[in-house]
Amino acid sequence: MSSSYDGPWTARKVREEFFNYFRSKNHTFVPSSSTVPYDDPTLLFANAGMNQYKSIFLGTVDPNSERGKLKRAFNSQKCIRAGGKHNDLEDVGKDSYHHTFFEMLGNWSFGDYFKKEAIEFSWDLLTNVYGLPKDRLYVTYYAGDPQNGIPTDEEAKQHWLSQGISPDHVIASKGNFWEMGATGPCGPCSEIHFDRIGGRNAAHLVDGDDPNVLEIWNNVFIQFNRDDDGSLKPLPNKHVDTGMGFERLVSVLQNKLSNYDTDELTGARPYSGKFGNDDVDGIDTAYRVVADHVHPLSFVLSDGGVPNNVGRGYVLRRILRRGSRYVRKKLGAPIGSFFSSLMPVVVETMGDIFPELTKKQGDIKEILDEEEESFSRTLDRGEKLFDQYATRTKDQGAKELNGADVWRLYDTYGFPVDLTRLMAEELELGINEKEFEDAQEHSKLASKGSFKKDKADLVKLDVHDLAALEKNDAIPKTDDSSKFQLGNITATVKGIYYHKEFMSSSANIPADANFGVLLDRTSFYAEAGGQEYDTGNIVIDGATDFEVTNVQAYNGYVLHTGSLKYGQLSVGDEVISSYDELRRWPLRSNHTATHILNFCLREVLGDHIDQRGSLVAPTKLRFDFSHKAQISLPELAKIESMSIDWIKKNVKVYGKDLDLTTAHKISGLRAVFGEAYPDPVRVVVLGYDVDEVAKDIDNPKWRSTSVEFCGGTHVAKTGDIKDFVITEESGIAKGIRRIVAVTGQEAYEASRVANSLKVRLEQLESAEGKEKDSGLKALSVELGQADISVLLKAELKDRLATLRKALDKQIKEKENAINKAAVNSLVTFFEETPDSEVYFAILEVDGNAKILQNVVMQGKKLGKTVYVFSVDAEGGKVAHANYVSESARSRGLDARTWASKVSDILGGKAGGKEDGAQGVGVNVAQVEEALKVARETFSSKYN
C-alpha cells in the first residue's frame, strides 16, 4: 500500500505538532474515548471530542476524580458519523470529503482560559506552526439573535481583529451558536475556514458548501446555560471546546483537493479522483468507500463493538456489507477476508496513537472475516435476485422497486435497505418506501406470532410418526454430516409434516403456521448433547424462504421446524440449507470451552468429577458436575486460569468417528455416566489427531488433554474462543455443583462491565457524606445483579463491604457528635437562662428526625417546652418536632395544634399527642417563617 505524499506534512507529523503545541501550553493529554459510548445511551457512536467531557460541562463530574481536576486538555478523538442524527454513511464515496470515521483534534479549557487565549492559540498554531497563508484564512463569529435577547459576540470579533486579520476576513454568522441539547450548557462559536484556491476574496463562499472553502476548526465558547423555559443564564464557570477535522487539515497542508488523496487514506489501489458521471465504472467511488469503511470497522471492533441486528451493531454490519458489495461489484475482488487484509495498514498508520488497534488486531481480523464470509454466501444470490426485480420494474415501466421485494432482500439475503437503495440509484430507480414499511411491519407481527407458537406448539415427531417413516422408503434418514463443515449446501425436500400428517406440499398449510421439513441432507445442527439447535433458512432463491426456528433429531430424522416467510415448498424441491453462521460461531466456542472446563475441573479438583448435565447456548455455557463441597475462590481462580491457558495455547481441535469399543478404551476419556452413545461414536480431542490417538489408545499422555465423546460443533483451534470468564458457581442439589461461564464477546463485555464497576468503586473511595452513602448503596445493588467474573465480583464485594463498614462507622461517629452538640446546645441554653420556659432552634443536622427527638426528650427531662427544626437541603425537606411542658399545656398550648400551624407554612404533614408532635415539611425556603409562627403561637399563650 503506497503513499501518494512525500512532503514535510505527513499525517503523523500534523498530529504530533498539534500535540506538541498544546503540551507547551500546559494542557493535559487525555486519550480518546471509545467509539462505543457505553455510558451514554443517547449516542450510537462517539461523534465529537466533547462527548467524554459532558459531565464537566453539566457540572455533574466528581470534583475529586481525575476528570474533575482537569483544567486544560487536548487529544485526538475517534469519531464516527453513521446512523442516528449524524449520518454520513450514504454520502461516503460520492464526494471528496464525507467520511464515516474521522479524527477530531481538540483542545479544552474547563473554567480556565476563555476566548482571548483560545483564539490566540488557534491563530498561532495555524499560521506560525503549520504555516498556512493568513490571506487564505477566514473566521466567523456569532451574529447574535436579538429576538431571543442574545447579543453579537463582539468579544470574539475583537480578539480575531487583534491578531491582525483583515476585517473583511472576519464574518458574522447567525449559525454560530452551539447547544448540547434542548437545555443545558451552550454558547457562541467561532469557525476558521480555509480557501484552497487563494488569490481572491472568498468571504462570500464561507459557509456556502463550497468544497474549496472549507471549515477546518471550530472554537465553542460555553458561557450560558439554557433553562427549561428557554432562557439563557451566564455560567459561573466558562469553558472552551474546540474541534479541528484532522483529515481536512491534512488535506490542506498536503495541498490535496480531496481527503482521499492524502497519505492518511491512500492504500487500497490506484486512484484517479473521479466523481459522479466522470467515474464511469464506479471504481474511484468504490476506492473511497473501501478506504473510508475499513476505518470505522477497525476502530469500533477494537473498542469492543460487534456487528449484529440492532442499534450500533446493525450500523456496523451495514458499513461492512455496503463496502463488501463495492469490493465484489466494482473492484472485482473476492470477499471473505478483504477488509481484514486492509486493516494492517490502519494499524500501521494509526496504532501508535490508538494502541487498542494493535492490541486487538487478531480479534478485529476474526470478526471481519466472519462477517464478510457470512455475507458472501448471500451476496451473489441476492444480487441476481435484485437484477430480476430491477428488470421486472423497468419492463413494467415503473420507477420504483416493489417495497416487499426490497424487504425480502434484507430479510433473506441480509441486504441493508440503504444498500439496495444505492443499487437502485445506480439504475436510476427508487424504492417504494410505503410498501417496504408495510412488509417490514408484517414481518415483525408474524415473527411475534411465530415466537409464541414456537414456545407453545413445537412441532414434534412421536413414536407413530417414526414408525411410519421407517416404512417409507421415499423419506430416508437425514445425512447431517455437513453440520461439521462451514457454509451452505444444496438439499432436496423429502417430507413436509403438519398436524400429524406428512404432506406433499405446503400449499394447504395456513399462512404463518409452524410446520416441519425433512431434507435428504442438512447443514443444520439438531439440539443434542447440551448444545442448542441452529436457526437459519431453507431457501429457493427468488421463490421461497422457510425460516427455521428449531431443529430436533428423531432416531436419525432431522426435523426443521419453522414457518414460511413467502413462497411454497413441495416434496422434491431443491433448496439451499443455510444455517445462521453468526449464531453458530459462539455455540462452537462455548462447546469447546465446556470441554476445556471439564478437563480443568478434573485437574484441579480430582478424578471424581463427573458431568451431570450441560447447556451450550450462544451467550453462555453451563456445566453441572459431581462434587461435594463449594469450590473455593483460589480453586476457581486456578480453574479459570488453566482454561485461559488452553485458549492461549491455540491448539487444534480434532473430531472423528471411532468404533465405540475402541473409543471406550482411550486413556483419559471423559464420557457422561449412563449416556447411550452411538456406534461409531464421534471423539473430540484437543491438540492430538484422533487417528494418532486411535493407534495408541493406552498411551497415558492422552490424560494430559481433553478427550470426549461428542457430536457437537467445535472451533478449529482453541484460540478462536478468545477469552473465558466464570460468572457463577453454585450448588443445585446435594453433591452437584454448577459453573456458568462466558467466552469471546460475552467475556469481553463481562470484563468491560466489571472494570466500569471497579472504576466507580475507586471513585467512591474518595467521595464523602451522602454522595458516598447513596453511591455505595446503588453500586451494591448493581454489583449483585452484574454478570461478571465471580472472582472479581467477590473482590469488589469485599472492598465495598470494607468501605461500607468504614462509612457506617464514620456516619455513626458524626451523628453522635452532632447529636451531642445539639443536645448540649439546649442544656447550655437553660443553664444560662434558667428562667426561660421555651427553647427554639434551627439545627444543622441535615433533617435528622432522630436527633430532633433526642433534643426534644432532653427538654422533656428538664420540664421545658421545645420546638426545633432542621433542613435536609438535598432531600428538599424540613423536619420539625416539639414538646409542650405541663406548665405550657396548662395555659392551653397543644402540641398537635402548634405543629399544625407550622405545617401550614412548611407544607407536608404533622401529628402526635397533646404533649409532643413531629412533622416533615417541603417548603425549605420557609423555615425561618415557620420558626417565627412557632414563636408567636407560644408567646400568645403567655401574654
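Select strand β3 (residues 101-110) together with strand β9 (residues 232-245): five bridges join the two, which run antiparallel, where helices (H or I, at least four residues) and strands (E, at least two) are DSSP runs numbered from the N terminus, and two strands pair if DSSP finds at least two bridges between them. This is a predicted model, in which local features need pLDDT of at least 70 and side-chain atom pairs count only at pLDDT 80 or more, while totals for chains, interfaces and linings use all residues. Residues are numbered from 1 along each chain as its sequence is written, and side-chain values use heavy atoms, with hydrogens and water left out.

Within this pairing, show Phe 110, which stands opposite His 239 in β9.

Now colour β3 by side-chain direction. In a regular strand the side chains alternate between the two faces of the sheet. Here Phe 101, Glu 103, Leu 105, Asn 107 and Ser 109 point one way, Phe 102, Met 104, Gly 106, Trp 108 and Phe 110 the other, and all are buried (under 20% relative accessible area, with exposed over 50% and partly exposed in between, for a 1.4 Å probe and protein chains only).

Move on to Ile 216, which, leaving aside neighbours within four places in sequence, is in contact (heavy atoms within 4.5 Å) with residues including Leu 126, Leu 132, Phe 194, Met 244 and Val 252.

Finally, zoom out to the whole protein, whose C-alpha trace spans about 110 × 85 × 60 Å along its principal axes, and which has 25 helices and 31 strands.
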